[in-house]
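Please read it alongside the coordinates.

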Amino acid sequence: MVIEIKNADIGGREGVLDIEGMKIKTPDYLPNQKDINVLKNSPFVSSTNFPNVDVGTYIHWLNLQTLTSISGSSKKYNDTKNYLKSRLKLMTDSGVKRKLLHFEFDKSVPTLSGQKLDVLFQLQDDVGADVIEIPNLFSTDEYKKVLDRASEWRRFKGIEKELMGIANEGSDVKILKDKNNTISCIGVNLKRENSPLLFAIKNYLKQEDIWVHAFSVPRSYRAVKWKGTLGVLLNYYGIDTISAKTAHPKSSRNYMFQIESKTEEEKSEQSQDSKYFNPIDYSTLKCKNMNTDLELSKFCNCPVCRNNTVSTVVQDFDTANANIRSHELFAYKSESHNYQDKIKQNASDGYFNSKKYAKEIAVRFRV
Ligand SMILES: [Zn+2]
């Protein structure tokens, strides 16, 4: 068993996740490679206050060309394997002890052949991922067969790592639950704000001892015009751990290119547009729409907020994003602890409802 649910109440569930002997309390936020980078780049974070990042996720984007080349050439496969190993080592060096490797596919990849699936399973094992994800670019019916294939692959290879199924839609959740003899973890893709998917998790998984992890959670939600978030309170629906998305490499490159041609004034404006996650009400307002003299210690006591006001946290363009995102990670971690405590006290429902924007999102989702 990967997760042991210790307490559940009307608002959520808390427990202990065990990945290859490494235990962490849930709910929790699992940082990705981008989070580790921002922590390193913020001047307010150092080795003395670096957060606990025992379990992390690495998100790897694939397009059809790369996928075809790594499945057709052992040289290309080894290049990708070595690249990923070196990136994962950077995370290990920052304290990450257990890793998930999560694949994101761009639009050029419509589906996966059996051979490509096997290559992706093997790649995860070869680079040292601690759980084997079963990518889902399939209809629900096809995916059922893919799950069997993955299970066979594992048996054939003699690998003991847990298998993680991926749910894109509510219908995927049902078949994953039925396969709980082979699939002990479920990754949900929350890129789109998909309330039927949340509904299915709440109805079919919240009572089960199955680890539910949400990939690609939004930092702010369209449902409230990007002014707020659910953050780790996604646990309300039965989601134990979450991690944020990373941008497609092409959009990151375009972004870097645009930065080079920006004036100082434009850069300053962009910093002011950074959204601050406020753990008091779960708002994610742009800094320029907040009272600029406010001390952030009013909202959060993390190493970033302790030393800054709304205006100083983003005043330096080069570190604005690192500060805002580092704070968010600290705040998600501390909100995870708060929610664990509230569930133990059977009081998580009241806590959830006290977070204005989280509650508003739940009302709009009608789940
Ligand atoms: Zn903070």
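The points below go from the overall fold to single residues.

This is a predicted model, in which local features need pLDDT of at least 70 and side-chain atom pairs count only at pLDDT 80 or more, while totals for chains, interfaces and linings use all residues. Residues are numbered from 1 along each chain as its sequence is written. The protein chain has twelve helices and 13 strands; these are DSSP runs numbered from the N terminus, helices being H or I with at least four residues and strands E with at least two.

**Overall fold**

- The radius of gyration of the protein chain is 20 Å, close to the 21 Å that the globule rule gives for 367 residues, so the chain is as compact as a globular protein of that length. The radius is taken over C-alpha atoms, and the rule is 2.2 Å times the number of residues to the power 0.38.
- Along the principal axes, the C-alpha atoms fill a box of roughly 60 × 50 × 35 Å.
- Of the 367 residues, 41% count as buried (20 or more other C-beta atoms within 10 Å of the residue's own; exposed means 12 or fewer, partly exposed in between; C-beta atoms are placed from the backbone).
- Among contacts between residues at least 6 apart in sequence, 72% join residues at least 24 apart; a contact means C-beta atoms, placed from the backbone, within 7 Å.

**Nonpolar core**

- The largest nonpolar core holds 94 residues, of which I186, V188, I201 and L234 touch the most other members. Helix α10 (residues 317–344) gives the largest share of this core, nine residues.
- Such a core is a set of buried Ala, Val, Leu, Ile, Met, Phe, Trp, Tyr and Cys residues joined through C-beta atoms within 7 Å.
- Not counting residues up to four places away in sequence, I201 touches V173, V188, K206, V212, Y237, G238 and I239.
- F330 is placed in helix α10 and counts as buried because it has 23 C-beta neighbours inside 10 Å.
- Leaving aside neighbours within four places in sequence, F330 is in contact with P51, C302, P303 and V304. The C-alpha atoms of F330 and P51 are 7.0 Å apart, although 279 residues separate the two along the chain.

**Parallel sheet**

- Six strands form an open sheet in the order β4-β11-β10-β9-β8-β7, with parallel pairing; strands pair if DSSP finds at least two bridges between them.
- The edge strands β4 and β7 (131–134) each pair on one side only.
- β7 and strand β8 (residues 162–167) run parallel and are joined by four bridges; the bridge partner of E133 is M164 in β8.
- Helix α7 (residues 195–205) packs on the sheet, where it touches β8, β9 (185–189) and β10, and its direction makes about 160° with that of β9. Axes are lines fitted to C-alpha atoms, for helices over the stretch in contact, and angles run from 0 to 180 degrees between N-to-C directions.

**Hairpin and backbone details**

- Strands β12 (residues 275–278) and β13 (residues 283–286) pair in the antiparallel sense over four bridges, and F277 has T284 in β13 as its bridge partner.
- β12 and β13 form a hairpin with four residues between them.
- K225, in the loop between β10 (211–217) and β11 (241–244), has a positive phi near 55°. K225 counts as exposed, with 8 C-beta neighbours inside 10 Å.
- The peptide bond from T26 to P27 is cis, with omega near 0°; P27 lies in the loop between β3 (22–26) and β4 (28–29).

Key. Contact = placed C-beta atoms within 7 Å.
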